[in-house]
Amino acid sequence: IAPFNKTAFHRSQTLGYRNGYAIVRRPTVGIGGDRLQFNQLSQAELDELANKAPVLTYGQPKQAPPADFIPAHVAFDKKVLKFDAYFQEDVPMSTEEHYRIRQVNIYYYLEDDSMSVIEPVVENSGIPQGKLIKRQRLAKNDRGDHYHWKDLNRGINITIYGKTFRIVDCDRFTQVFLESQGIELNPPEKMALDPYTELRKQPLRKYVTPSDFDQLKQFLTFDKQVLRFYAIWDDTDSMYGECRTYVIHYYLMDDTVEIREVHERNDGRDPFPLLMNRQRIPKVLVENAKNFPQCVLEISDQEVLEWYTAKDFIVGKSLTILGRTFFIYDCDPFTRRYYKEKFGIADLPRIDVSKQEPPPVKQELPPYNGYGLVEDSAQNCFSLIPKAPKKDIIKMLVNDNKVLRYLAALESPIPEDKDRRFVFSYFLATDMISIFEPPVRNSGIIGGKYLGRTKVVKPYSTVDNPIYYGPGDFFIGAVIEVFGHRFIILDTDEYVLKYMESNAAQYSPEALASIQNHVRKREAPAPELESKQTEKDPGVQELEALIDTIQKQLKDHSCKENIREAFQIYDKEASGYVDREMFFKICESLNVPIDDSLVKELIRICSHGEGKINYYNFVRAFSN
């Protein structure tokens with residue numbers, strides 16, 4: 001038994017580490033540094049043991065190894081005894097209860113003989129609950145003795161800090177431990193209940209008093225219960241009228257009606273939420289009230305024979321409120337359940353009120369007026385500010401500066417038109433055609449541009465679906481009708497044959513064969529723009545003689561190749577004429593002997609007014 005004035009209770013260190021391994025050491029002193037009683041011997045016993053040397057028959061006996069020492073805080077670690085208890089607390093300032101029973105749990109920790117008292121938390125009790133006494137060694141008397149597990153049992157009272165706790169029961173582990181230590185446990189007792197808590201658990205007494213206030217009963221029964229209907233107001237018959245949607249709320253608590261507007265995004269209306277404030281709606285008025293101005297009539301029960309009720313709002317029916325006829329086409333699930341339970345109407349299907357949009361009106365283009373292209377004229381019908389029709393950029397880039405030239409004759413009953421010749425230029429980048437008539441001296445017809453760049457429509461195509469002339473329509477002998485004038489293709493240049501052979505898929509075999517046969521038959525290039533009246537004109541005879549002389553003199557000159565193509569590149573309009581300055585630049589780049597006297601004479605004859613030179617006749621002198 002420890003003395004009353006003892007203050008040190010520390011224990012000896014029995015666990016340690018040496019060279020990284022855990023070792024167990026036997027304690028040398030007791031709690032608080034006291035001398036250990038169980039392994040201390042007197043001096044006489046020690047001397048006797050030191051001088052005693054028993055010898056047995058079979059030799060020196062082997063000493064048994066000492067038992068491993070296990071400290072108490074290791075042997076009883078996490079082993080706790082739990083007891084169920086309660087204590088009584090006086091309540092002096094309440095008329096409903098005079099005392100209160102508070103149930104607690106007492107925990108005893110075997111490792112250090114400490115105890116704690118914890119009260120389970122009860123929700124909304126209004127009492128500070130939880131840990132009443134924190135873990136510590138509790139004194140059981142005035143001498144300083146502490147509670148031991150041997151002092152605890154069922155059915156006993158223990159006093160802790162002036163409060164008496166009644167232990168009524170323990171858990172299974174506590175029961176097994178105490179019985180294993182030879183303690184006889186008392187029978188368990190029933191846990192005492194708090195009378196006020198049990199009184200609160202009883203249902204409240206209901207006082208049913210007959211009442212004649214139907215409005216109050218209705219208010220209490222149907223409070224916050226609202227019937228929701230979806231309706232439309234069709235005002236399309238009036239000027240600028242439209243079909244608008246509304247939500248009708250019927251409040252069951254006081255039979256009032258509210259109409260709310262349904263706004264959509266960008267509908268052009270002010271976002272005012274209500275069409276009609278919450279109020280009772282009269283259905284049938286008395287005779288005197290019908291002729292009274294409604295704007296100043298204060299409607300009450302004396303002026304109304306019948307009010308609108310819930311049975312008047314049915315899906316699929318119309319009703320008139322404040323002069324507007326609303327058609328109810330749907331309601332929410334709560335309203336459907338209410339009508340099924342109240343009126344026995346089980347089926348309230350939704351009615352489709354959406355109007356079918358009329359089919360789009362097909363846009364018809366006005367008749368073509370003959371000005372410009374059909375695609376350009378149609379753009380005026382598509383938008384207020386017309387835009388240029390889209391072009392095939394890839395086609396324009398691939399076929400840039402590619403022109404197919406053909407020589408054609410005009411098919412006409414007029415004798416003067418039989419000897420006229422025209423040069424057709426087909427531009428592959430834009431599928432446009434330009435016609436140029438080379439001027440013929442003393443012919444009486446002014447030559448030059450006959451038709452500017454434009455697309456030419458075939459005669460058998462319609463205005464709505466025009467079909468334009470393409471490269472495959474031009475071949476030897478083909479008839480091209482241009483705005484009422486018929487032309488016959490007579491000849492073509494060498495580039496057309498090269499293009500047709502490289503793009504044979506665009507042409508028919510007959511068209512390709514006609515060009516090839518014509519080129520083979522052509523022994524010498526005929527003048528494309530010269531008249532056939534060579535024999536009649538002395539100037540023409542002089543030109544032909546000069547060309548023959550130059551061909552014989554310069555037959556071995558290196559400038560013969562591609563001279564015609566060089567001039568055609570700079571002749572964008574395919575007129576057969578180039579500027580005088582550009583003419584000499586081309587001749588200089590091709591090493592044409594322009595200083596020769598015969599060549600100078602040929603340039604003089606081929607010169608035309610306005611500083612231009614006819615390169616068709618000039619090229620003939622350098623062709624084989």
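User: What share of the chain's contacts between residues at least 6 apart in sequence joins residues at least 24 apart?

Analyst: That share is 51%, where contact means heavy atoms within 4.5 Å. Bear in mind that this is a predicted model: local features need pLDDT of at least 70, side-chain atom pairs count only at pLDDT 80 or more, and totals for chains, interfaces and linings use all residues. Residues are numbered from 1 along each chain as its sequence is written, and side-chain values use heavy atoms, leaving out hydrogens and water.

User: What makes threonine 14 count as buried?

Analyst: Buried means under 20% relative accessible area, exposed means over 50%, and partly exposed is in between (1.4 Å probe, protein chains only). Threonine 14 has 6%, so it counts as buried. You'll find threonine 14 in the segment before E1. Leaving aside neighbours within four places in sequence, its contacts include Ile23, Phe69 and His73.

User: How much of the whole chain counts as buried?

Analyst: Of its 624 residues, 32% do. The chain exposes about 42700 Å², and carbon and sulfur atoms supply 52% of that; the area comes from the Shrake-Rupley method with a 1.4 Å probe, and for residues only the protein chains shown count as cover.

User: How many helices and strands are there?

Analyst: There are 16 helices and 25 strands. Both are DSSP runs, numbered from the N terminus: helices are H or I with at least four residues, strands are E with at least two.

User: Why are E1 and E2 called paired?

Analyst: Two strands pair if DSSP finds at least two bridges between them. E1 (residues 15-18) and E2 (residues 21-24) have 4 bridges, so they pair, in the antiparallel sense. Arginine 18 stands opposite tyrosine 21 in E2. The two strands form a hairpin with 2 residues between them, and asparagine 19 in the turn has a positive phi of about 55°.

User: What makes E23 and E24 edge strands?

Analyst: The open sheet has 3 strands in the order E23-E25-E24, with antiparallel pairing. E23 (577-579) and E24 (607-608) each have a single partner strand, so one side of each is left without a neighbour in the sheet. E23 is joined to E25 (residues 612-614) by 3 bridges, and tyrosine 577 stands opposite asparagine 614 in E25.

User: Which helix lies across E23, E24 and E25?

Analyst: That's H14 (residues 580-589), running at about 95° to E23. Axes are lines fitted to C-alpha atoms, for helices over the stretch in contact, and angles run from 0 to 180 degrees between N-to-C directions.

User: How do H13 and H14 pack?

Analyst: H13 (residues 563-570) packs against H14 at an angle of about 145°, with the axes 11 Å apart. Ala566, Phe567 and Tyr570 of H13 make the contact with Met582, Phe583, Ile586 and Cys587 of H14.

User: How do you know that the buried residues of H14 are on the same side?

Analyst: Phe583, Ile586 and Cys587 are buried in H14. They cover an arc of only 100° around the axis, which puts them on the same side of the helix. The arc is that of the directions from the helix axis to the C-beta atoms. On the other side of H14, Glu581, Glu588 and Ser589 are exposed.

User: Why are the buried residues of H8 said to line one face?

Analyst: In H8 (residues 374-382), Val374, Ala378 and Gln379 are buried. Seen down the axis, they fall within an arc of 140°, so they line one face of the helix.
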